[in-house]
Amino acid sequence: MAPFLVNHELDKYIQLWTYAHQKPQSLIIPGEKLAIEASRLKELNQYAVDKILVCERPEMVDFFVANRFHMEQKCLVMTAGGYPFQETDLLFEKLRGLAKLAIFVLHDASLKGVKLPVYLRKQAPWVSKQAQVIDLGLSAEHASKLEDYWHHQTSPAAPDDTDYPEWLQHYKVHLAVIPPLQLLNRVGRMLNMYAQQRDASSSFESSFETDDALAVLAWSNLGGAGDNDGDGDFG
Amino acid sequence: MASLSLLWKKQSDRPEQVKRVGRVRPRIAGSWGISIAPIRDCLFLNPETSLVVEWEQCWLDDQAIVSEAQWLGLLKAGRLADVLGAFALAWRQTPESLLLATDALGERSLFYAQHGPGLVFASSLELLLKSGLFESRLQPLALARYLTYAYVPGQETLFKGLLELEPGCLLRVSDSGLQKTAYWHLPGYQGAPVKTETEYKQDLRLGLVRAMHRRLPDGAIHASLSGGIDSSLVVALAKQLRPEVYTYSLSFGDAYRHELPFSQAVAEHCQTQHQVLTFAPQEILANLDRAMACLGNPIGDPLTVPNFLLFQEVSSRSSVLFNGEGGDPNFGGPKNLAMLLADLYSQEPEAKGVLEQIYLHSYRKCFSDLAEMLRPQLWQAIKGQLAAELSPWFRSDAYDSLINRLMAINVIFKGSHHILYKVNHLSEPFGVSPASPLFDRELTELAFGIPPELKLKGVCEKYILKEAVRDLLPDSIIDRPKSGMMVPVEHWFKPGGPLHKLAKKRLAQLEHWDIFEPAYLKRLMKWELGGYQPRHGAKVWILLALESWLRAYDAKL
């Protein structure tokens, strides 16, 4: 198993660095929940999004937002519970009314993580029946290609987890094993692929959820600088 | 269209300092001298009217303005604010005062600079510099703005002391100095809709047709056609007004992503005579110097050279080329949703400068790189100053929504100083007039009176514009997502790309100006900037355009 750097150790190194130099400029500080003011809620209610990236954990949301992923992709980024937004009633009401919403889900390869897309499809109060939930991983299939990065599950398996692969009962792979730039680029590419296929084909909704998501996140080489294509300004 | 360069001196000064500029026929009347460089129409000071005006398709009270006498009449009647169309003028209102003005949206340009007690002004920066009265010294803050926006917004130029008269403004020059006032303002928008959606749609359709009519040439219509909604609707409207319509699309080769199937579909639907102009990457770079030399202020949009070559191509066939520019700023283009989302995720959007910073990022050019891109002393001199000119717009009480504030900024900044500026200056050498009906002033005023939720409706951008012309085009064109005309700069300039070596060589020349950190330029050309969406190709183009411009104008830091 590869050595992991746990959060409190990382914090210690950052403190040392800050003492010797200064606080790293682009360090992501865990965000406080955003209180959306009434005027902004009003604007939100007037307009819409057609895609959301749902991350399993708040720190993943912070990471994507800090890199302006929401702006580049014109999508919401949040957890299933609505983080980083403090007031979620109006937001959820708005989302419930968006029938053509595409919900991309990003999570660890863990029992808790792989349940997230299922929760969103079947139980999440803000997801309409017509919305499409697209599981980006990490899935059990991804994890099998990332064997050096497994570590033990911290919570025991629940009784209804028997459908999941055996190893998920014992191990998990944290999404953070993917280098940040690759994660941004590949999730971004995923959303672009979705948009292109949706625009090109009316049968997209039935055909998209095949191996496309796996193709995006299942790579064997975690090195490299990632994909750099980009277009011009927003117009 | 013509260029004019004039030097005005105060009553008490002697006129012998008047410089001859370009193809000049200088006239000296009384205490002030005027030099004019005609490009197509001859524009001379009329000794009887003390007026020089260059105009294109101007209208007052639904009547075309066809003579200088009409201009003099409307100026004396104080009716400049009622004129629709493209113009730049200088009027010696009294023996002691001179008045300069350009049209409301920036279809024409006027540059000026104070020189001692006098004032020099011209329709191009080149002519202003040719007076020999000014040094071509770079203005660092304007340079940073260029790198951020890929154009130079506001009244500044890249040269110290040389200014551009902002659209919709009057500059009065007299013994008491310079006084600038706005004779036209973008309409505000507050409150609830006053009409039904159908009524707004009908008004808009009528406005579009009127905007087309005001620009109609004699005979056939020639128009650029990208296949996007804006140029397509202009072509569709053109076909309603003239049986003979010629359309032109740009291509950079089949190897790159393009929109030719869409433009072809529109051409077939509208039954136009369609032509695809294909440009090799080497041809684009070979013409960069010619295009940049026309511009005055540089523009770092990769479409600049293809646009330039298109005007050249069309010039033998028509004196007017229609385009679809203006649809995005006026009707809720793609910047708006991104900005709304960025605003939503801001911890303190009301805090000073937050929205301004987001807006600067939204251009997706070099704003994030400036600290490492520029020489430290240069960066320290301009750091923190870039957002200041945006603040009045983001704090404006004239609008009650971010969408309308953004639209106002986009019209005033990008519309005037990039879109209209570009087509005006690139077309001028070829004697072609750019016709931008979607940037018609009356249409802009109409657009600002439409509720913002009918422009960006849900996720549908430019909703009301699309609905206003839905009967003219196939749904596949109306409902297709925004793509934008893509110039494959990422592919051209990346290591191994067809223009990589040439670009690297040219960017190395930038070291002469001591503006940029050499280490940054090396990382850029190695495609090693890092970060999410570094957009190397777009940045290379911005710098190539600047390098070309610096040489053309012999500019110095």
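Before anything else, my cut-offs for accessibility: buried is under 20% relative accessible area, exposed is over 50%, and partly exposed is in between, with a 1.4 Å probe and protein chains only.

I'm working on a predicted model, where local features need pLDDT of at least 70, side-chain atom pairs count only at pLDDT 80 or more, and totals for chains, interfaces and linings use all residues. Residues are numbered from 1 along each chain as its sequence is written, chains are lettered from A and ligands numbered from 1 in the order in which they are written, and side-chain values use heavy atoms, with hydrogens and water left out.

**Salt bridges**

I counted a salt bridge when a side-chain nitrogen of Lys or Arg sits within 4 Å of a carboxyl oxygen of Asp or Glu. Over all chains, that gave me 42 salt bridges.

I looked up B:Lys195 and found its side chain in a salt bridge with B:Asp203, at 2.4 Å from N to O. B:Lys195 has 38% relative accessibility, so I put it down as partly exposed. B:Asp203 is partly exposed too, because its value is 26%.

**Around B:Arg375**

Which side chain meets B:Arg375 at 2.7 Å? I found B:Asp514, in a salt bridge. This pair links distant parts of the chain, 139 residues apart: B:Arg375 is in the loop between helix H13 (370-373) and helix H14 (376-382) of chain B, while B:Asp514 is in the loop between helix H21 (500-508) and helix H22 (518-525).

B:Glu517 lies in the loop between H21 and H22 of chain B, 142 residues from B:Arg375.

B:Arg375 is partly exposed at 23%, B:Asp514 is partly exposed at 34%, and B:Glu517 is partly exposed at 21%.

**A network in chain B**

I noted a network of salt bridges that links B:Asp62, B:Glu107, B:Arg210, B:Arg214, B:Arg215, B:Asp440 and B:Glu442.

**A:Ser110**

Is A:Ser110 buried or exposed? I have A:Ser110 as buried, because its relative accessible area is 3%. I found A:Ser110 in the loop between strand E3 (102-106) and helix H6 (111-122) of chain A. Its side chain reaches the backbone nitrogen of A:Gly113 at 2.9 Å.

Notes:
Helix = DSSP H or I, 4+ residues; strand = E, 2+ residues; numbered from the N terminus. Polar contact = N/O pair within 3.5 Å; in protein donor to acceptor, adjacent residues only side chain to side chain.
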